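Let's walk through this structure together, one contact at a time. Keep the viewer open and follow along as we go.

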Amino acid sequence: MGLLLKILIPLLGAALAFYFCSAPENFNEEMLRGKRVIVTGASSGIGEQMAYHLARMEAHLLLTARTEAKLQKVVERCLELGAASARYISGSMDSPSLPREVLREAENTWGGLDMLILNHIGQSGFTYFSGDVGHVRKLMEINFVSYVALTTARGSMLKESEGSIVVVSSMAGRIAIPFTAPYSATKFALDGFFGSLRQELIIDKVNVSITLCILGYIDTESAVRAVSHVIPETPAPKEECALEIIRAGALRRRELHYPPWAVRRSLLLHSIAPGLLDSLIRSSYRVENVRREQP
């Protein structure tokens, strides 16, 4: 009986989660018209595509990323597409002052904030862990600590607007995937922090939603360059992924799984047979193509 319960309870939980995450919802682009939105990591990839979708929806945009020249081009394109306004701040999120600067700009320009989309990531190779603790520390600053700083500094803006926080994460933040140890650590940290924060907001009756986006393999230039020689799968389109992230945030969903079937299938298997999933992942990778970095 005990063994049966151990099998049935996770299955029931997974089935319920699948049902609620798949329930039909009404999204209308009017939901974003005139909304004040910050998008980090917006100079390329999913962040760039989110900026373009939001521009077509006539939102006010404040974009951040490391590369100023790329950001300038994205802002120009957003204005062409119909953004109510668009501006940018360039810099690296491992700087403790940048999150405060970004939020101060939103406060001074708009007087408030409706949606904060946290999407930026630090660079990390798809390789065996070399023992470089310094890299782990730097990645944690960019991929985790800056997310916390952006969420908490001037947090009253989102409370006043009853706004939304959208956290772009990864399957590597739910499932231990080989060759991603530093990156995976930062994504697991996001899951723990924002899951706990969501509970506290509910307890305090603060109407700010938190949407955690669990993403699989997406066809961004950086992802394809990093893993295509190891992972034989076809990546999902970044344009559609970006739109799904915006929809999930606007609808105040707890989680987004994208691509839906691939992510949910892996999460379900992880809950009932984690050892089997680990074995399937290892056997599907072209491990002989993984390069080792020197410590």
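In α2, the residues G45, I46, Q49, M50, H53 and L54 meet K238, E239, C241, A242, L243, I245 and I246 of α9, where contact means heavy atoms within 4.5 Å. Helices (H or I, at least four residues) and strands (E, at least two) are DSSP runs, numbered from the N terminus. This contact divides into eight nonpolar, three polar and two charged residues; Ala, Val, Leu, Ile, Met, Phe, Trp, Tyr, Cys and Pro count as nonpolar, Asp, Glu, Lys and Arg as charged, and the others, Gly among them, as polar. The axes of α2 (residues 45-56) and α9 (residues 238-250) come within 8 Å and cross at roughly 65 degrees. Such axes are lines fitted to C-alpha atoms, for helices over the stretch in contact, with angles from 0 to 180 degrees between N-to-C directions. The crossing of α2 and α9 is right-handed, meaning that the near helix is turned clockwise from the far one by less than a right angle.

A word on what you are looking at: this is a predicted model, in which local features need pLDDT of at least 70 and side-chain atom pairs count only at pLDDT 80 or more, while totals for chains, interfaces and linings use all residues. Residues are numbered from 1 along each chain as its sequence is written, and side-chain values use heavy atoms, leaving out hydrogens and water.

C241 of that α9 contact leads us to the cysteines. The structure holds zero disulfides, a disulfide being a pair of cysteine sulfur atoms within 2.5 Å. For C213, the nearest cysteine sulfur is that of C241, 7.7 Å away. C213 is buried at 0% relative accessibility, and C241 is buried at 0% as well (buried is under 20% relative accessible area, exposed over 50%, partly exposed in between, with a 1.4 Å probe and protein chains only).

Now turn to α5 (residues 133-152) and α7 (residues 181-203), whose axes come within 9 Å and cross at roughly 25 degrees. That makes α5 roughly parallel to α7, since angles under 35 degrees count as roughly parallel, over 145 as roughly antiparallel, 65 to 115 as roughly perpendicular and the rest as oblique. Here too the crossing is right-handed.

Finally, find M93 in the loop between β3 (85-90) and α4 (97-110). M93 is buried, with a relative accessible area of 7%. Leaving aside residues up to four places away in sequence, M93 touches T40, T64, L98, P99, V102, H120, E141, I142, S146 and L150.
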